[in-house]
There are 2 protein chains.
Amino acid sequence: MNALDNALLNANFKAYAAYGTSSDANIRYLTSFRTSDPVIYLKRYGEEGIIIVPAMEVERAAIESPCTVMSRADAGFFDILREEPDPLKATGRMIADLSGGPILVSPEFPFGLAQAIAPHQPIQVDMDTLSAMRSKKTASEIGMMRESQAAAEDALETALTMIKRAKPTGELLVTPEGRILTSEDVRYAIHATLQKHGCRGIDTIVASGKETSMVHLRGRGSLAANAPIIIDIFPQHEETGYFADMTRTVVRGEASPEILEMYAAVSDAKTLAFSLLRAGADGSALYQAVVSFFEDAGYGTEPHGFVHSLGHGVGIEVHEAPSLSTRGGPLAAGNVVTIEPGLYYPGIGGVRIEDMALVTDGGYDRITRFREVFCI
Amino acid sequence: MNALDNALLNANFKAYAAYGTSSDANIRYLTSFRTSDPVIYLKRYGEEGIIIVPAMEVERAAIESPCTVMSRADAGFFDILREEPDPLKATGRMIADLSGGPILVSPEFPFGLAQAIAPHQPIQVDMDTLSAMRSKKTASEIGMMRESQAAAEDALETALTMIKRAKPTGELLVTPEGRILTSEDVRYAIHATLQKHGCRGIDTIVASGKETSMVHLRGRGSLAANAPIIIDIFPQHEETGYFADMTRTVVRGEASPEILEMYAAVSDAKTLAFSLLRAGADGSALYQAVVSFFEDAGYGTEPHGFVHSLGHGVGIEVHEAPSLSTRGGPLAAGNVVTIEPGLYYPGIGGVRIEDMALVTDGGYDRITRFREVFCI
């Protein structure tokens, strides 16, 4: 964990701390331990990271985590608790005692625990080190993300097969068995396919018709014929915790002229963005290039049109650094980012296409293999 | 949200704030909004709660959240950003400006954002109000937890059916098709059943044989015959976010004398704990009663034996307040807690039985309907 050591050296601090359950992305990243009860991560300058867990978890943590494992008892928690009966305050003092000096934490570190540490050791937020570490993927992390992506693509294939089997009938899609195809049906099939790959789908979007103008609406009820269906799948692998993220917009039947034009513009915007994607390029420059492209094509950014960012990092969280938006910042080799232009107009609908790629020095390596698909 | 108003009144503070994605339990509880990007919750004394979201999410938030919805633009974020280009500092100032006075937050509030608020308004941790609110379930929340529990019970039935179909053959369980039954097979079937109920399983435990002595090991590989199989299912409902939590320990074949005795002690301990469960009872008193019972039966608490707490609150997190442990504190009507005594010995294995119940004034209403089941 050299980047943390560098941050400690630069700040002239002694230790880096994190706290949470494994639904806290920093904790899962730093410890690889899976738990519904909060654990402590502590890394002293120049040393290996330590995970501090209840005694009953020591043996399991030694199996699951690459960190040095310490029980709360060995970390002095129960001795401190005799003098300081408040568990939060005692935890703060324990972290301070173990750190042996000033402590850096990420911005997400819990305020209550920071206040419990402060009387015993200086504590300071380090804004970017951990986020930057997480944003530069190792070969092993990229391999895990390719697995999640493979699950997403298999699930998308399942979804498209279901939609293609159903026939446009008035404004609805009707299966060969005579049932009206719903968002819920397709989402269920997507999740079942993801599960076969050891992944889970969370808030998967299968929205259609006019509701697609709301970017993140998950969708419900009957799917619309001759209208956009946005399918946005972002599975998390249960074992590794790593996400993938992809979107396709399809029309079963015939698209309206507005949607046809929006689709063409979004697809071209995606091509443009990928042509600019490489290490050293600035996320905000890519975003601005796409905004200008859309403006030339007659589409704005507010209140409707291209209302979101161009993309974001993906990893142990589905949205993490870097950001391809007005915020931006230089992209680095090893970043895994989405490119996902979209256009949204109330009363008409939305179109979004999203691929995920590894940023390289010369350009990128597209992780998404799935074809672009529109009218089916 | 009267409890927050009371806390504000008592502290003489003006507003309560929270920040995070919907994987932050406080945000999900306070806003009911589902998002992978952080949002802000702000409640001024005597007013309704506000959720502050990006412009593109305003329409969806109005559908999903009972809060008053405000865009970041309307909350002044972009105006502040012109003077204060750092997004975190700008967010802090925006919250301070909107609050109109000193701000209370939960202990989990992010330290970085707290520091960004502090130059503009006093900010202080309120330890228990939100946690206590969350621990007292409304009728609607209890209904949602019953749904998750029904999913868990259906999934457990699926698991037991699979295990009963397999025959003890040496140290293994072999299906009628001649396949060795594995932890992964059973976990997969559990998750597939949960999915049919709109729930997801996360880190479901199907551990067997000697590995059951590690309390939270998920288990892998072939399931053991004539040895404990711990099945611990804690599904989260996708739509509502509410969990259930239940455990059964079963033996396919014949249990060893040690496991037989451990099972009897754990089952009796559960009965004892339920006999003491009611509003006003102290969680630590229940825990201590079970510790004493186990000690009388020849079982200790460390380093092996009854190594964990007696139970915990369940809700929008699988582990939340109250705690039935040395920590304890008085139980209140409306708490939903687990009662889950267990015994664990390396080289022998573990036994845990867990039911979930609603605490009432006179006693409890058991939410778990599933029978106790042991040798099958």
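Let me start with the contacts of A:Lys137. Setting aside neighbours within four places in sequence, A:Lys137 is in contact with A:Ile142, A:Met145, A:Val314, A:Gly315, A:Glu320, A:Gly334 and A:Val336. Keep in mind that this is a predicted model. A:Lys137 belongs to the loop between helix H7 (129-135) and helix H8 (139-165) of chain A. Is this lysine buried or exposed? The relative accessible area of A:Lys137 is 7%, and the cut-off for buried is under 20%, so A:Lys137 counts as buried.

Next, the aromatic rings. Over all chains, the search of the whole structure gives 17 aromatic pairs. Take A:Tyr299 and A:Tyr345: the ring centres are 6.1 Å apart and the planes are at 45°, so this pair is tilted. The pair links distant parts of the chain, 46 residues apart, with A:Tyr299 in the loop between helix H11 (283-296) and strand E14 (311-313) of chain A and A:Tyr345 in strand E17 (residues 342-345). Both tyrosines, A:Tyr299 and A:Tyr345, are buried.

In chain B, B:Tyr287 and B:Phe306 also form a tilted pair, with 5.6 Å centre to centre and 35° between the planes. B:Tyr287 is buried at 11% relative accessibility, and B:Phe306 is buried at 1%.

Back in chain A, ring pairs join A:Tyr287, A:Phe293, A:Phe294, A:Tyr299, A:Phe306 and A:Tyr345 into a cluster.

Last, charges over rings. A:Arg366 lies over the face of A:Phe274, 4.1 Å from the ring centre. In chain B, the charged end of B:Arg366 sits over the ring of B:Phe274, at 4.1 Å from its centre.

Definitions and conventions:
Residues numbered from 1 in each chain as written. Chains lettered and ligands numbered in written order. Predicted model: local features only at pLDDT ≥ 70, side-chain atom pairs only at ≥ 80, totals over all residues. Heavy atoms only, no water. Helix = DSSP H or I, 4+ residues; strand = E, 2+ residues; numbered from the N terminus. Buried < 20%, exposed > 50% of the residue type's maximum accessible area, 1.4 Å probe, protein only. Contact = heavy atoms within 4.5 Å. Phe/Tyr/Trp six-rings, centres within 6.5 Å; stacked < 30°, edge-to-face > 60°. Lys NZ or Arg CZ within 6 Å of the ring centre and 35° of its normal.
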